[in-house]
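The entries follow the order in which I looked things up.

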Amino acid sequence: VLDVSTSIGQETHQQIAQVLRDASRSGGRFGLVVYSDTAYEALPPGTPSVELGRFVRFFGDDAPAGRFGQPLTPWVRAFTSGTKISTGLQLARDVLRRDRIDGGIVLVSDLEDDQNDVGSLTETLISFRRGDVPLRVVGLSPAPRDKRYFEELLPPGAVGLAARPGQASAGDVLSDRAGISVPLIVVALLALLGLAANEFLNGRLVWRPS
């Protein structure tokens, strides 16, 4: 589940690009859900990991810039500036249930949420802790208070940090520091990307192939 809200800045976009690169090389299968104030399925579960590489160009150093210097992603016009993490998590879980897939979810986000979504997000995280769908979090340089919020509501070890630009790869950092496997990250990212691909195929979003 990938955060594409306007709170995601230049450094965190570079972190996203690295996570996508690592996942695309894993040889696994994933789905992708992207969210800001709403969420949609960009890639369906079971998509080959190589497809994630198509999205790196929107987050890397060479990504085109939009208003206020933000990278110009395909989702700029699709979402508002709001952020509701609960919508992305809930949709990803619904997609797994819909396709009867026994998989896990990886949230890739700076963990900053709208005040109006805090109640729903709290309920959603508690339901994951009590449920049978594993949830792991990849924090993109989150504020300490936001990281603590997720750590208090999820099982120990569920929250990890993506590498900062210039550090070890995101896969290395997640595996060594948080116990989060790269294959699981790839699956979650593919789930998010699956949503984006669906929008692309239906003509709602326009971008050039890599």
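Is Asp-99 buried, exposed or partly exposed? I find Asp-99 partly exposed, at 32% relative accessibility, where buried means under 20% relative accessible area, exposed means over 50%, and partly exposed lies in between (1.4 Å probe, protein chains only).

Before going on, I note that this is a predicted model, in which local features need pLDDT of at least 70 and side-chain atom pairs count only at pLDDT 80 or more, whereas totals for chains, interfaces and linings use all residues. Residues are numbered from 1 along each chain as its sequence is written, and side-chain values use heavy atoms, with hydrogens and water left out.

**Entry: salt bridges.** I count a salt bridge when a side-chain nitrogen of Lys or Arg is within 4 Å of a carboxyl oxygen of Asp or Glu, and the structure holds four of them. Arg-98 and Glu-41 form one through their side chains, at 2.9 Å from N to O. Because Arg-98 belongs to helix H2 (residues 85-98) and Glu-41 to strand E3, this pair ties together parts that are 57 residues apart in sequence; helices (H or I, at least four residues) and strands (E, at least two) are DSSP runs, numbered from the N terminus. Looking up the two partners, I find Glu-41 buried at 15% relative accessibility, while Arg-98 is partly exposed at 48%.

Arg-98 also forms a salt bridge with Asp-99, with 2.8 Å between the closest N and O atoms.

I then turned to helix H4 (residues 144-153), where Lys-147 and Glu-151 lie four residues apart, about one turn of the helix. Their side chains meet in a salt bridge of 2.4 Å, N to O. Lys-147 is partly exposed, with a relative accessible area of 22%, and Glu-151 is likewise partly exposed, at 35%.

**Entry: nonpolar cores.** I take a nonpolar core as a set of buried Ala, Val, Leu, Ile, Met, Phe, Trp, Tyr and Cys residues joined through side-chain atoms within 4.5 Å. The largest has 23 residues, of which Leu-2, Ile-16, Leu-20, Val-34, Phe-59 and Val-108 touch the most other members. Helix H1 (10-24) and strands E2 (29-35), E3 (39-48) and E4 (105-109) are the elements that give two or more residues to this core, and H1 gives the most, with five. Apart from this core I find another, of 21 residues, including Val-33, Leu-121, Val-133 and Phe-150.
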